[in-house]
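Colleague: I've got the sequence and the model open side by side, and I'd like a close look at a single part. Please pick one, walk me through it slowly, and spell out your cut-offs as you go.

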Amino acid sequence: MGVMFHMVGRYEEAHNFENVVAKLRAGSERKSTFFGVVLNQIGLSSVQLFKIDEVAEFFEEARQILEQECGPCHQDTLGVYSNLAATYDALGRERSFLETT
């Protein structure tokens with residue numbers, strides 16, 4: 001549902017799915033590809049809400065999970081790399097991206 005809210009521009013409602021993130025972290029899904037994609041989507045919704053400080057945390061966690069589960073060349077992982085690079089640029093932390101890759 002959160003992805004659907006994001007796609008139709010209802011970012012606040014998409015961002016409210018953070019409780020789902022908490023439940024997934026507590027359960028067995030916390031290292032799954034699904035969870036990595038969810039974190040990426042929550043991060044994208046956070047960008048639209050100008051919650052830029054939260055964004056980096058979501059994308060960093062998504063990157064770690066997707067690198068492990070899918071590999072560094074998978075399209076979902078590459079998407080997170082792009083989102084994370086843009087976030088670091090917006091935060092003035094370009095070096096952070098270079099240090100993590």
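Modeller: Contact here means heavy atoms within 4.5 Å. Keep in mind that this is a predicted model: local features need pLDDT of at least 70, side-chain atom pairs count only at pLDDT 80 or more, and totals for chains, interfaces and linings use all residues. Residues are numbered from 1 along each chain as its sequence is written, and side-chain values use heavy atoms, with hydrogens and water left out.

Let's take helix H5, residues 52-70. Helices are DSSP runs (H or I, at least four residues), numbered from the N terminus. With 19 residues, H5 should span 27 Å at 1.5 Å a residue, and its end C-alpha atoms sit 26 Å apart, which agrees. That expected span is 1.5 Å times one less than the number of residues. Just after H5 comes Gly71, with a positive phi of about 100°.

Now for what is tucked away. I call a residue buried under 20% relative accessible area, exposed over 50%, and partly exposed in between (1.4 Å probe, protein chains only).

Leaving aside residues up to four places away in sequence, Thr87 touches Ile52, Val55, Ala56 and Phe59. Thr87 itself belongs to helix H6, residues 75-91, and is buried, with a relative accessible area of 3%.

Then there are the charges. Side chains of opposite charge can pair when their charged atoms come close. I count a salt bridge when a side-chain nitrogen of Lys or Arg is within 4 Å of a carboxyl oxygen of Asp or Glu, and the structure holds two of them.

One joins the side chains of Arg25 and Glu61, at 2.4 Å from N to O. Arg25 lies in helix H3 (residues 18-26) and Glu61 in H5, so this pair ties together parts 36 residues apart in sequence. Arg25 is partly exposed, at 36% relative accessible area.

Glu67 and Arg63 form a salt bridge as well, their closest N and O atoms being 3.1 Å apart. Both lie in H5, four residues apart, or about one turn of the helix. Glu67 counts as partly exposed at 26% relative accessibility, whereas Arg63 is buried, with a relative accessible area of 9%.

Key
Helices (H or I, at least four residues) and strands (E, at least two) are DSSP runs, numbered from the N terminus.
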